[in-house]
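The following paragraphs are intended to be read beside the sequence and the three-dimensional model. Please keep both in view and locate each residue as it is named.

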Amino acid sequence: GVGNSFFYGINAENPFFASMDIHNNTVAGISISGSMTMHSVKLINVNNCVSANITGNTIGSVTSPGSITYNSNTNYNMIYGISCYTQNSAAVNGNTIGSITASNSDPSGGCQIYAISITAPAAICNYNNIGGRIPNSIYTVTTSTIPNTSVYGILCNSEALISGNTI
């Protein structure tokens, strides 16, 4: 088990940076199990910078299953493909996200998967490929009797232009 900790594949977090550019990276082949704190798995995390440009990254796989798995036994878990929170603007374009599985064996627990989550006063989210052609490319498994499991393709908490994405 991992314990009470966080996992970030790529973490860019600094309010003093004017801009964060994250391009053409691959985050894949990851298996995590155990109890972790809420919001614990963020495969690409950009937090609290002025602006961000996240393009051309591959998270998991859209052609083969089982690339990223998170098995938890705590009351709640979340996994983010791309988590982007900026003070001004965010562009999340041309990324590929798939083959992500989150499971929770806690009877009162749940799972949430966010392929892309953006919070910025102005956001652009275009031409991302989420899921791919393999069955159950992004999914959750839980034994919970409480309905608290969700999967989000794109969640944007701001004014945004969202166009040309495949989910």
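Serine 99 is buried, with a relative accessible area of 3%; a residue counts as buried under 20% relative accessible area, as exposed over 50% and as partly exposed in between, for a 1.4 Å probe and protein chains only. The model is predicted, and local features need pLDDT of at least 70, side-chain atom pairs count only at pLDDT 80 or more, and totals for chains, interfaces and linings use all residues. Residues are numbered from 1 along each chain as its sequence is written, and side-chain values use heavy atoms, with hydrogens and water left out.

Serine 99 is placed in the loop between β9 and β10. Here the strands (E, at least two residues), like helices (H or I, at least four), are DSSP runs numbered from the N terminus. Although serine 99 is not a glycine, its phi is positive, at about 55°. Most residues other than glycine have a negative phi. Asparagine 136, also not a glycine, has a positive phi of about 55°. This residue belongs to the loop between β13 and β14 (138-142). Asparagine 136 is exposed, with a relative accessible area of 56%.

Serine 61 lies in the loop between β6 (58-60) and β7 (68-72) and is buried, at a relative accessible area of 12%. Apart from neighbours within four places in sequence, serine 61 is in contact (heavy atoms within 4.5 Å) with Ser67, Gly98, Ser99, Ile134 and Ser137. Its side chain also reaches the backbone nitrogen of serine 64 at 3.0 Å.

The strands beside these loops may be considered next. Strands of a sheet pair through backbone hydrogen bonds, either parallel or antiparallel. In this model, 4 strands form an open sheet with parallel pairing, in the order β3-β6-β9-β13; two strands are taken to pair if DSSP finds at least two bridges between them. At the edges stand β3 (26-27) and β13 (129-130), each of which pairs on one side only. Within the sheet, 3 bridges join β6 to strand β9 (residues 96-98) in the parallel sense. Isoleucine 59 stands opposite isoleucine 97 in β9.

Other pairings involve β12. This strand runs parallel to β8, to which 5 bridges join it, and asparagine 93 has asparagine 126 in β12 as its bridge partner. β12 also runs parallel to strand β16 (residues 159-163), again with 5 bridges. Alanine 123 is buried, with a relative accessible area of 4%. Not counting residues up to four places away in sequence, alanine 123 touches Ala90, Ile118, Cys156, Ser158, Glu159, Ala160 and Leu161. By contrast, the C-alpha atoms of alanine 123 and valine 141, 18 residues apart along the chain, are separated by 31 Å.

In soluble globular proteins, nonpolar side chains tend to be buried together. A nonpolar core is defined here as a set of buried Ala, Val, Leu, Ile, Met, Phe, Trp, Tyr and Cys residues joined through side-chain atoms within 4.5 Å. The largest such core has 34 residues, of which Leu43, Val46 and Ile79 touch the most other members. β5 gives the most to this core, with 7 residues. Leucine 43 has contacts beyond its sequence neighbours that include Phe7, Ile59, Ile79 and Tyr80.

Rings of Phe, Tyr and Trp (its six-membered ring) pair if their centres lie within 6.5 Å; planes under 30 degrees apart count as stacked, over 60 as edge-to-face and the rest as tilted. This rule gives 2 aromatic pairs. The rings of tyrosine 80 and tyrosine 114 have centres 4.7 Å apart and planes at 10°, so this pair is stacked. The two residues are 34 residues apart, with tyrosine 80 in strand β8 (residues 76-93) and tyrosine 114 in strand β11 (residues 110-119). Both tyrosine 80 and tyrosine 114 are buried. Tyrosine 114 is also stacked with tyrosine 152, at 4.7 Å centre to centre and 0° between the planes. Because tyrosine 114 lies in strand β11 and tyrosine 152 in strand β15 (residues 150-156), this pair ties together parts 38 residues apart in sequence. Tyrosine 152 counts as partly exposed, at 28% relative accessibility. Together, Tyr80, Tyr114 and Tyr152 form one aromatic cluster.

Notes. Polar contact = N/O pair within 3.5 Å; in protein donor to acceptor, adjacent residues only side chain to side chain.
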